[in-house]
Amino acid sequence: MPDENGTPDRRAPRAEPAAPAAVPRTLYAEFTARPGTESAVQDLIVAYADEVRAEPGNLRFEVYRRAESPAAFVVFERYADEAAFRAHLAHPTGRAFNDELVPLIEEDASVLSFLNDVVS
């Protein structure tokens with residue numbers, strides 16, 4: 001921008017203040033299939049995983065079965081930020097998934113454990 005004499009200002013432009021970095025939201029969910037429902041639970045969570053992976057803000061949705069207890073499922077989830085995680089919780093497919101899952105598992109719902117990144 002020129003000064004009052006019309007001379008161009010040759011100073012470097014001031015940088016805009018940096019926006020706060022989005023903090024990813026990471027968690028794992030655990031649940032145990034009731035005896036005889038292991039295949040149904042696996043089919044249900046695999047189909048749901050495809051839907052969650054397509055959600056904006058989902059970075060990872062991985063499904064595992066515990067090696068020492070194949071009826072026990074662990075789902076590792078990562079979202080871009082808190083807003084993406086909340087959008088996931090509000091998504092209508094989640095309610096339908098949980099309505100189908102709960103009668104098939106031993107717990108009242110998935111047991112969630114939230115994780116924080118370790119910065120070195």
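Before I start, a cut-off to keep at hand: a residue is exposed if its relative accessible area is over 50%, buried if it is under 20%, and partly exposed in between. I also note that this is a predicted model.

**Entry 1: helix α2**

The buried residues of α2 are Ala 84, Phe 85 and His 88. Where do the buried residues fall when seen down the axis of α2? They fall within an arc of 100 degrees, so they line one face of the helix. Then I checked what covers these buried residues, and the cover includes β1, α1, β3 and β4.

**Entry 2: rings around Phe 85**

I stayed with Phe 85 and turned to the rings. A reminder to myself: a pair of aromatic rings is described by the distance of the centres and the angle of the planes. I got five aromatic pairs for the structure. In one of them, the ring centres of Tyr 79 and Phe 85 are 5.5 Å apart and the planes sit at 55 degrees, so I wrote this pair down as tilted. Tyr 79 has 0% relative accessibility, so it counts as buried. Phe 85 has 6%, so it counts as buried too.

Phe 85 also pairs with Phe 114, and this pair is edge-to-face, with 5.7 Å from centre to centre and 85 degrees between the planes. I looked up where the two sit: Phe 85 is in helix α2 (residues 82-90) and Phe 114 is in strand β4 (residues 111-115), so the pair links distant parts of the chain, 29 residues apart. Is Phe 114 buried or partly exposed? With a relative accessible area of 40%, Phe 114 is partly exposed.

I found a ring cluster as well, in which ring pairs link Tyr 48, Phe 61 and Phe 97.

**Entry 3: the largest pocket**

How much space lies in the largest pocket? I noted about 340 Å³. The pocket is lined by 21 residues, and the closest to its centre are Tyr 48, His 88, Leu 89, Asn 98 and Ser 110. I know Tyr 48 from the ring cluster and His 88 from the buried residues of α2.

Next I asked which elements give two or more residues to the lining, and the list is β1, α1, β3, α2 and α3. Of these, α3 gives the most, with five residues. Last, I sorted the lining by residue type: 14 are nonpolar, five are polar and two are charged.

How values were computed: Residues are numbered from 1 along each chain as its sequence is written. This is a predicted model: local features need pLDDT of at least 70, side-chain atom pairs count only at pLDDT 80 or more; totals for chains, interfaces and linings use all residues. Side-chain values use heavy atoms; hydrogens and water are left out. Rings of Phe, Tyr and Trp (its six-membered ring) pair if their centres lie within 6.5 Å; planes under 30 degrees apart count as stacked, over 60 as edge-to-face and the rest as tilted. Buried means under 20% relative accessible area, exposed over 50%, partly exposed in between (1.4 Å probe, protein chains only). Helices (H or I, at least four residues) and strands (E, at least two) are DSSP runs, numbered from the N terminus. On a 1 Å grid over the protein atoms alone, a cavity is a set of points where a 1.4 Å probe fits but cannot get out, and a pocket is an open set with protein on both sides within 12 Å along at least five of seven lines; lining residues have an atom within 4 Å of a point. Grid points are joined across faces, edges and corners, and a volume is the space filled by probe spheres set on the points. Ala, Val, Leu, Ile, Met, Phe, Trp, Tyr, Cys and Pro count as nonpolar, Asp, Glu, Lys and Arg as charged, and the others, Gly among them, as polar. The arc is that of the directions from the helix axis to the C-beta atoms. Contact means heavy atoms within 4.5 Å.
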